[in-house]
Amino acid sequence: MTMFRKLVLATAIVGGCTGPTGTDSTDDSDGVVDYPSDFTTGKHRATALTLEAEGSGADLDADGVEDNNLPFVLETADLAVKDLDMSLETFGAQIDTAIEDGTLNMLLDSVQAQGSLDVHVLSGVLMDDDQLHVDPQSLTEQGDPRTQLQGEFSASIEFSVSADNAELVVPFVAGEPPSVVPLERVTFWGTMDGESVDAVIAGVIPSEQLASDVLAPLIPEEGVGSQSKESLLSTLKTLSALETISDIDLGDGRRGVSCAFRVKASAATWVE
């Protein structure tokens with residue numbers, strides 16, 4: 001735990017009396033604030049990361065409709081690139097395998113202080129000492145988590161956190177460099193206690209990073225048939241620019257693909 005997070009936790013233990021705006025807290029006769037949840041800290045490792053069904057996610061463009069276009073993108077890419085399996089099933093199986101063999105370790109480091117909840121999303125690496133260590137690639141040059149989400153509990157275990165921007169470090173294949181997947185308009189909501197997390201993380205992948213950071217790991221380094229990996233990526237980048245693929249307008253001429261993943265996680269420990 002960083003010194004900053006230790007200070008935040010200490011503040012929560014010592015106690016203050018004012019919650020953040022929007023927190024449903026009550027003040028009893030002794031002047032002690034009661035927040036919706038008594039959660040303090042939690043460390044969890046994802047045991048499952050599942051792409052939600054198309055159209056099931058979060059409303060990321062404020063049109064009143066839930067957005068999740070990544071399943072459609074994978075189906076379209078599977079049809080567009082012959083002799084290469086980019087189906088939803090293969091995508092999901094690759095994630096499952098990476099979690100099971102210890103390649104993909106999504107870590108959630110959460111702290112609630114005075115009604116405010118911070119969730120840091122990190123990547124873990126299993127080292128020779130058989131312990132999980134925080135992957136330095138999931139930290140900035142200053143040593144801060146690339147993905148920091150803020151929000152609150154609305155009930156005992158129900159929470160919601162968000163951020164304008166995030167970067168998820170996702171190792172898909174053992175021995176290969178991880179993908180750093182940028183997300184915008186990120187929201188993460190569900191249930192959390194000290195033992196488990198069951199929640200959905202949603203956001204927008206900028207179209208310029210879709211092929212290189214999300215689809216590229218599905219393509220063998222040697223390419224497929226007579227097509228090189230570079231040629232296939234060029235095709236996918238052209239595909240990513242289509243408005244039917246990049247369904248979210250990010251402004252300033254930029255577009256992105258909406259996505260939503262269900263995260264199930266269990267209590268875990270790791271070396272900071």
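**Stop one: a charged patch**

Select Glu-54, Glu-75, Asp-85 and Glu-89: together they make a patch of negative charge on the surface. A patch here takes residues with over 30% relative accessible area and no salt bridge, joining like charges within 9 Å and nonpolar side chains (Val, Leu, Ile, Met, Phe, Trp, Tyr) within 5 Å. Lys and Arg count as positive, Asp and Glu as negative, with His and the chain ends not counted; each charge is placed at NZ of Lys, CZ of Arg, CG of Asp or CD of Glu. Areas come from Shrake-Rupley with a 1.4 Å probe, and for residues only the protein chains shown count as cover.

Before you go on: this is a predicted model, where local features need pLDDT of at least 70 and side-chain atom pairs count only at pLDDT 80 or more, while totals for chains, interfaces and linings use all residues. Residues are numbered from 1 along each chain as its sequence is written, and side-chain values use heavy atoms, with hydrogens and water left out.

Zoom in on Glu-54, in the loop between strand E3 (41-51) and helix H2 (70-80). Helices (H or I, at least four residues) and strands (E, at least two) are DSSP runs, numbered from the N terminus. Glu-54 is partly exposed at 46% relative accessible area, on a scale where buried is under 20%, exposed is over 50% and partly exposed is in between (1.4 Å probe, protein chains only).

**Stop two: positive phi without glycine**

Stay in the loop between E3 and H2 and pick Ala-62. Ala-62 isn't a glycine, yet its phi is positive, about 55 degrees, and the residue is exposed at 72%. Now jump to Asp-252, in the loop between strand E11 (248-251) and strand E12 (254-267). Asp-252 also has a positive phi of about 55 degrees without being a glycine, and counts as exposed at 80%.

How many of the 11 residues of strand E5 (residues 116-126) are buried? The count is 8, so the strand is mostly covered. Two strands pair if DSSP finds at least two bridges between them.

- Strand E4 (residues 106-113) is antiparallel to E5, over 8 bridges; Leu-108 has Val-121 as its bridge partner in E5. Their hairpin has 2 residues between the strands, and Gln-114 there takes a positive phi near 50 degrees.
- Strand E7 (residues 147-153) runs antiparallel to E5, joined by 5 bridges; Asp-118 has Gln-150 as its partner in E7.

**Stop four: salt bridges**

Count a side-chain nitrogen of Lys or Arg within 4 Å of a carboxyl oxygen of Asp or Glu, and you get 8 salt bridges.

Show Glu-167 and Arg-146, whose closest N and O atoms are 2.6 Å apart. Glu-167 sits in strand E8 (residues 158-170) and Arg-146 in the loop between E6 and E7, 21 residues apart, linking distant parts of the chain.

Next, Glu-208 and Arg-254 form a salt bridge at 3.8 Å, N to O. Glu-208 is in helix H4 (residues 207-215) and Arg-254 in strand E12, so the pair ties together parts 46 residues apart in sequence.

Then try Glu-221 and Lys-229, a salt bridge at 2.7 Å, N to O. Glu-221 is exposed at 56%, whereas Lys-229 is buried at 10%.

Finish on Lys-43, Asp-109 and Glu-272, linked in a network of salt bridges.
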